[in-house]
Amino acid sequence: MTRRTELEELNLSLVLVHQAQQTLALESRWVLGCQTLQGQQLLTLKSSDAGSRYLHVSGDVEFIEVAATQLHPLPALMQARKTWPAVKALVEYQGQLLVLLDVLLLDEQALATG
Amino acid sequence: MSQTSIDELLALKQEAANEVVDVDEPTAKLVIFALGSKFFAFRGAFIKEVLPGTEPLFYVPGMPASVQGVINVRGDIESVILLHRLLQLPDPEEVATGSILLGQASGMHSGIRVDELLDVVDLPLSQLQHPPESLPESLQPYVAALVDFAGKPVALLDIEKVFADYQEGLG
């Protein structure tokens, strides 16, 4: 089986966070739950120490699945120049290119201003 | 004095027209473009493709201002960068929407947004001149040669140096 065929058989579960005028993606395996609190979405995220932390999101939250072939690495020049370490990869979804964030490196303040 | 007939003259003219002119002088293909009021070029060998400025561009947060975003080129994702800051030129007054040159050199590749694509020409190498010492210091590391285009100087940029310095954090 080729790598391409392998990839075509794999799916990626994501949580889309619609924040301000952009949509950011998180790997769903790091998202333990989502609840609405005073009109805001509150995501419970796994943290690296096996505990959990919370992320307030002002926009909508959406759970999706995409083929692994829709996942793209960050272009090399951008990887070298990124100023927000949480920016990890890109995902094609409905004709758009979305930024996939590394939950473990996610900083709530950066998410709000990102 | 012998008279040459019209037929002979016409035959001579035909032969002259058929003569192969020796133009063996090596040439270089240059992609000439404008950044602000200045003209620059890359060697065509390093430009895979020229895309229209209307190509859908996706913003990526957490990048320096010189990264405009990413484009999807038939399934390949390419960054789109601006060179104004690297070359210490004034930032574009409006969001730059000129053509995107897809550059590739030394294993690095990226889209490069230019203000205006001017021409793609084949020029004899003899027309490339050494950059003068009076060239602004900010351009000296990147300009490999100067060439005349429509009466204006064009700075031929070393794309490998441009990409290498950009990757190192300049611009």
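Author: In chain A of this predicted model, strand β4 (residues 40–46) runs antiparallel to β5(A), and the two are joined over six bridges; strands here are DSSP runs (E) of at least two residues, helices are runs of H or I of at least four, and both are numbered from the N terminus, while two strands pair if DSSP finds at least two bridges between them. Within this pairing Gln41(A) lies opposite Val57(A) of β5(A). The open sheet to which they belong has three antiparallel strands in the order β3-β4-β5 of chain A. β3 (31–37) and β5 (52–57) of chain A each have a single partner strand, so they stand at the edges with one side left without a neighbour in the sheet.

Turning to the meeting of the chains, the contact (heavy atoms within 4.5 Å) draws 21 residues from chain A and 26 residues from chain B. Chain A and chain B bury about 1,800 Å² between them, 71% of it on carbon and sulfur atoms, where buried area is the accessible area (1.4 Å probe) that two parts lose on being put together, summed over both.

Local features need pLDDT of at least 70 and side-chain atom pairs count only at pLDDT 80 or more, whereas totals for chains, interfaces and linings use all residues of this predicted model; side-chain values use heavy atoms, without hydrogens and water. Residues are numbered from 1 along each chain as its sequence is written, and chains are lettered from A and ligands numbered from 1 in the order in which they are written.
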